[in-house]
Amino acid sequence: MSLIEVGATGREDFKVNQRRRLDFRRRHSDRVVAGVAGGLADTLGVSDAFVRAGFVTLSMVWGLGVLLYLGLWLMELDRVEDIEIDPVAPHQALGLALGFGGLMLLLGVGGWWPSNALVLTVGALAFGTAALTDRNMPGPLAALVDPTVDRPGRLRMLIGVGLLIGGLAVLSANVGPIYEIGPVLLAVALTGVGILVAFGPWVTRLARDLGTERRERIRQEERAEMAAHLHDSVLQTLALIQRSDDPARMSMLARHQESELRDWLYGNLPLDGVDLLSTALKDAARRIEADHQVPIDVVVVGDHPLDESTRALLGAASEAMVNSAKHSGAERVSLYFEADDDELVVYVTDQGKGFDAGAVADDRQGITRSITARVHRAGGEAAIDSVPGEGTEVLLRMPVTAT
Amino acid sequence: MSIRVYLVDDHRLFLAGVRAELSEEFSIVGSGYDVDTAIEEIRGLNPDVVLVDVHMPDGGGIAVVEGVVGNNPDVKFLALSVSDQAEDVIAMIRAGARGYVTKTIEPADLADAVRRVTAGDAVFSPRLAGFVLDAFAGVMPSEVDPELDQLTAREKDVLRLIARGFAYKQVARKLSISIKTVETHVSSVLRKLQLSNRHELARWASKRRIV
């Protein structure tokens, strides 16, 4: 048994235990009931969907599937982990399959085989479903028309559909009138009750164990997600703050982190994947704030989707913010955005040193020109109002085009 | 006699910071870390102003305001929060707070806000002005009380300037009106916010995301 440590993410050290062949553990993640079928699938090297189908089918043989499942569960009651197993070699798999087939034949010879129709029908339905729902496959209809689906995938799907139809056909042809299934189902039910009576205490223990385990698992997953997020954001920022000795930069980092964390906690995300101008403006403000170490207060009234012309507005507003942050010397910059039915309005205001519009340095004039030109091209207007000693205000307006 | 201030916040570190900033000018008569203690102490101390955090366990700032207002009608509340959640802030104002400022406010501005609230004025931070404009946005089928359900054009002008980061004094100059008039407009907006039955106020948060 070899132990391989994988620490590629650096965030958590996932230990992956490489086990020898034919070892079996209940799966911890990616499971439906208790991880027995998944674990078995890992051991056998087949898709877990098919193993589950096998259990369902065998359950039709006087509950054998359920018995097997519970048996394997008890066997591995305290051993739940995600391990990577070398699947069995082909000759071993063949041996297992032959052994299992023999067991089934023995049941048949002994007269303990239930109605063929039932087992075959449920088997066909279960395996058909498994083929259709196998994880690596897209939806059935998509697969039929999607040229990118590889041929084995398509073949598998056709077989799945075939099995489903076949199962239904066998059911209607062989069983005949529906009431004939009655005794068989009754027998299955009786077996189930028998198992419950005999193994009741164990079963309740298993159920309890399952409940606690599931809750624990959900809790752990939530913790892991939160830890990952906090690590990437808050902890990094705290580390940066500790290393910084510039108070302005520290407060900027804290501010940046605060708004990011708040967005994460309260989910300020666009609806239906539509990018909103308000979100884009906030992002831009946050970026500029971080780059230029000047706080930007953003106030938003109403909203509008981000499209061609509003992108121009966004670009012009960003330039105005950069301009204020870089040149005005103001302690903070305000961004105000209001959307009503006819018009979008953006104000970028600072109370810095301002400038004389007639006598500005060339580079600065270039920036103001580019702001104006940008908005004009998109069909809007821009006005820049600056008073030396009092501050600068850039006003951008954009008519709302009917869509 | 200096203004008597009581502080309510479950973040002790923040509380200590505010106390240090304000204690020179005001007399800090007490502070509470949780809703129940705060209500009890405020009822006993009857301070002039209570600075109260919006987000706290056991009902938050609203619970404090509601727990005190009936008993001590003269106590004024100023909401203080890091929250961006407009619903919570608007709810605080409707419960009786006379203003809302964000925790990133400069110490001098915070002191100014306390003075203003004590004098019976309303204190609107840029963010609150934005929230209110948003809440009163759109044309309203004026079935209830048109006077309470709409902002006047002048009130909107004042709010927009506040939202753009201007102080009351600058707002007054820009609109060529007196500071007193600005204060009157803001108080009138506050009254509308508290009394309006405009159902938009409850609904606006969901509406504002749909264009």
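This is a chat about a predicted model and some of its local features.

Q: Before we start, what should I know about the numbering and the model?

A: Residues are numbered from 1 along each chain as its sequence is written, and chains are lettered from A and ligands numbered from 1 in the order in which they are written. This is a predicted model, so to speak of local features needs pLDDT of at least 70, side-chain atom pairs count only at pLDDT 80 or more, and totals for chains, interfaces and linings use all residues, while side-chain values use heavy atoms, with hydrogens and water left out.

Q: Which residue does A:Arg332 pair with?

A: A:Arg332 pairs with A:Asp297, and the closest N and O atoms are 3.1 Å apart. The two sit in distant parts of the chain, 35 residues apart: A:Arg332 is in the loop between helix H11 (308-328) and strand E5 (333-339) of chain A, and A:Asp297 is in strand E4 of chain A. Helices (H or I, at least four residues) and strands (E, at least two) are DSSP runs, numbered from the N terminus.

Q: Is A:Arg332 buried, partly exposed or exposed?

A: A:Arg332 is partly exposed, at 26% relative accessible area. A:Asp297 is partly exposed too, at 21%. The cut-offs are under 20% relative accessible area for buried, over 50% for exposed, and partly exposed in between (1.4 Å probe, protein chains only).

Q: And what does A:Glu343 pair with?

A: That one forms a salt bridge with A:Arg397, with 3.0 Å between the closest N and O atoms. A:Glu343 is in strand E6 (residues 343-350) of chain A and A:Arg397 in strand E8 (residues 391-399) of chain A, so the pair ties together parts 54 residues apart in sequence. A:Glu343 is partly exposed at 24%, and A:Arg397 is partly exposed at 28%.

Q: Now chain B. Where do B:Arg116 and B:Glu183 lie?

A: B:Arg116 is in helix H5 (residues 107-118) of chain B and B:Glu183 in helix H10 of chain B, so this pair ties together parts 67 residues apart in sequence. They form a salt bridge with the closest N and O atoms 2.7 Å apart. B:Arg116 is buried, with a relative accessible area of 17%, and B:Glu183 is buried at 10%.

Q: Which residues are in the network of salt bridges?

A: B:Glu25, B:Asp112, B:Arg115, B:Arg116, B:Lys180 and B:Glu183 are linked in it.

Q: Switching topic: how do H3(B) and H4(B) lie relative to each other?

A: They are roughly parallel. The axes of helix H3 (residues 60-69) and helix H4 (residues 86-95) of chain B come within 9 Å and cross at roughly 5 degrees. On the H3(B) side the contact is made by B:Gly61, B:Ile62, B:Val65, B:Glu66 and B:Val69, and on the H4(B) side by B:Ala91, B:Met92 and B:Ala95.

Q: What do those terms mean?

A: Axes are lines fitted to C-alpha atoms, for helices over the stretch in contact, and angles run from 0 to 180 degrees between N-to-C directions. Angles under 35 degrees count as roughly parallel, over 145 as roughly antiparallel, 65 to 115 as roughly perpendicular and the rest as oblique. Contact means heavy atoms within 4.5 Å.

Q: What about A:Tyr69, is that buried or exposed?

A: A:Tyr69 counts as buried, at 14% relative accessibility. This residue is in helix H3 (residues 64-75) of chain A. Not counting residues up to four places away in sequence, A:Tyr69 touches A:Val33, A:Ala34, A:Gly35, A:Val36, A:Ala37 and A:Phe55. A:Tyr69 and A:Gly35 are 34 residues apart in sequence and 9.8 Å apart in space, C-alpha to C-alpha.

Q: One last thing: what is the phi of A:Gln293?

A: A:Gln293 has a positive phi of about 60 degrees, although it is not a glycine. Most residues other than glycine have a negative phi. A:Gln293 lies in the loop between helix H10 (277-292) and strand E4 (296-301) of chain A.

Definitions and conventions
Salt bridge = Lys/Arg side-chain N within 4 Å of Asp/Glu carboxyl O.
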